[in-house]
Amino acid sequence: MENITIRPHHVLFFDLDDTLVDTNYANFLAYQSAFLLADQCDFHITYNPSIRFNRKIFQQIFPDMEESVFRKIIQLKEKQFQSTNTRLNTQMADILRKYSKTHQTVLVTDCNENRAKAILSHHKLLEYFSDLLFGHPENNTEENKYQYAIRTLNIPPASIIVFENDEQNIAAAQEVGIPQIINPKKINCHVL
């Protein structure tokens, strides 16, 4: 078990999808429903909990799908997503609840604002965040979500602890100089 020491000067950044809340199954079901609503009959994919069914995976599975059909499915998917099909990571939620009283706690997610707020409301977590940063800034595609958060909130990277499960986003946090990155999927941590 890894110990994490949170000091008074630390700012806690939480990712949402599959870090704070397991959304894989809900995401899969939303794509499945959207696919059927878009009159695409051949959705015979079995749910795999170890694979995040997202746009990239969807395009890999259906590489010949017309762009207009793909966009329609994405729009339908957003409407079909149900927060009730998500599952709270209680360890991460406990850390958030505990430290929200004494520390700046920031949601830093690629999730769109409406879906993120619905998920957080469903799990009664919205009130525990000091700041909420949604989606990727469209005007700067070279900037990752952690660069954006650091710039927007003017927080020195050395004072940040990130809770993140996605390997690409972990690398992005490391690239911007964030020294403590906790992957709740790979370790069982004890916060001091």
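**Close-up views of a predicted model**

**View 1. Leu16 and the residues that Leu16 touches.** Not counting residues up to four places away in sequence, Leu16 is in contact with Val21, Leu107, Thr109, Cys111, Ala116, Ile119 and Leu120. The model shown here, as in every view below, is predicted. Leu16 lies in the loop that joins β2 (11-14) to β3 (21-22). Is Leu16 buried or exposed? Leu16 has a relative accessibility of 0%, so Leu16 counts as buried. Phe134 is 118 residues away from Leu16 in sequence, yet the two C-alpha atoms are 9.9 Å apart in space.

**View 2. His122 in helix α5.** Helix α5 covers residues 113-122, and His122 is part of this helix. The relative accessible area of His122 is 36%. Which residues does His122 contact, leaving aside its neighbours within four places in sequence? They are Ser83, Thr84 and Thr86. Thr86 and His122 are separated by 36 residues in sequence, and their C-alpha atoms are 9.1 Å apart.

**View 3. The crossing of helices α1 and α3.** Two packed helices are described by the distance between their axes and the angle between those axes. Helix α1 spans residues 24-37 and helix α3 spans residues 67-80. Their axes come within 8 Å of each other and cross at roughly 125 degrees. Because of this angle, α1 is oblique to α3. The crossing of the two helices, α1 and α3, is right-handed.

**View 4. The residues where α1 meets α3.** On the α1 side, the contact is made by Asn27, Ala30, Tyr31, Ser33, Ala34, Phe35 and Leu37. On the α3 side, the residues are Ile73, Ile74, Leu76, Lys77 and Gln80. How many residues of each class take part in the contact of α1 with α3? There are 8 nonpolar, 3 polar and 1 charged residues.

**View 5. The whole protein, for orientation.** The protein has 192 residues, and 45% of them count as buried. Its secondary structure comprises 7 helices and 9 strands. Among contacts in the protein with a separation of 6 or more, 69% are between residues 24 or more positions apart. The protein exposes about 10,300 Å², with 47% of this area supplied by carbon and sulfur atoms.

Definitions and conventions:
Residues numbered from 1 in each chain as written. Predicted model: local features only at pLDDT ≥ 70, side-chain atom pairs only at ≥ 80, totals over all residues. Heavy atoms only, no water. Axes fitted to C-alpha atoms, helices over the stretch in contact; angles between N-to-C directions. Helix = DSSP H or I, 4+ residues; strand = E, 2+ residues; numbered from the N terminus. Parallel < 35°, antiparallel > 145°, perpendicular 65-115°, else oblique. Left-handed = near helix turned anticlockwise from the far one by under 90°. Contact = heavy atoms within 4.5 Å. Nonpolar A, V, L, I, M, F, W, Y, C, P; charged D, E, K, R; others polar. Buried < 20%, exposed > 50% of the residue type's maximum accessible area, 1.4 Å probe, protein only. Areas by Shrake-Rupley, 256 points an atom, 1.4 Å probe, with all protein chains shown as cover.
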